[in-house]
Amino acid sequence: VALDGFRHLDRNEVLSLIHSSFRGNLMTLDIVELRQRIEKFSWVKGVSVRKVYPDKLYIKVEEREPVGIARMDKLWLFDETGVFLDEYRPAEHAVDHPVLSGLHDASDPMAQDENLERIRRYVDFLRQIDANGAKVSSRISEIDLTDTSDLVVIPLEGTPRVHLGYEKLPQRLDRFLKVVDRATEENGPIAEMDMRYEDKIIVKPLEIQQAQQ
């Protein structure tokens, strides 16, 4: 069996599937059924299966590309179509993207469309802020899209929560990055900053938030 295109998909799982479910010889093997079974693996976007007589089976897969990490019951890798690929394990997956929070339970069929909308907004936002090659996304730890009308970013430092709204997102993020150091000097540790207004920035110092709680 010759396997091609395997980066994330477990080769041993596919080989085990072949040997356990498709007994017999190359001539009797149903390649349509085998292709359909392989397509059920979450990493597989497309697959071709070809017999090469007298004794070879050639399998080539096109894998889905992870575009982000979702915080749900665990951390999950997902692609831009909303397919959850695998549990995120830093030691195994070289994916350097902010974590996306605000998705609904993936087992709920009613949540799929809402999750996909949040994923599209997440992907589009990252493309916009990284468009000039500056890799601004590397300065962000988390993107919260619980409220689709207010995209919230959390920098690597863990604070503040930065409200960007739903328009002019790259400009508002850039404005935050330019003023955050000065705002911290003037106010001390900051819990939240609201960048949704053109003529002002609303700052909530951490001590005020703690006092309100």
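**View 1. Helix 4 and the largest pocket.** Helix 4 (residues 169-187) contributes 5 residues to the lining of the largest pocket, the most of any element, where helices are DSSP runs (H or I, at least four residues) and strands are DSSP runs (E, at least two), numbered from the N terminus. This is a predicted model, in which local features need pLDDT of at least 70 and side-chain atom pairs count only at pLDDT 80 or more, while totals for chains, interfaces and linings use all residues. Residues are numbered from 1 along each chain as its sequence is written, and side-chain values use heavy atoms, with hydrogens and water left out. A pocket is an open set of points on a 1 Å grid over the protein atoms alone, with protein on both sides within 12 Å along at least five of seven lines, and lining residues have an atom within 4 Å of a point. The largest pocket is lined by 13 residues, with Glu 157, Thr 159, Pro 160, Val 180 and Asp 181 nearest its centre.

**View 2. Strands 7 and 8.** Strand 7 (residues 99-101) pairs with strand 8 (residues 140-144) in the parallel sense over 3 bridges, and Ser 101 has Asp 144 of strand 8 as its bridge partner.

Terms used:
On a 1 Å grid over the protein atoms alone, a cavity is a set of points where a 1.4 Å probe fits but cannot get out, and a pocket is an open set with protein on both sides within 12 Å along at least five of seven lines; lining residues have an atom within 4 Å of a point. Two strands pair if DSSP finds at least two bridges between them.
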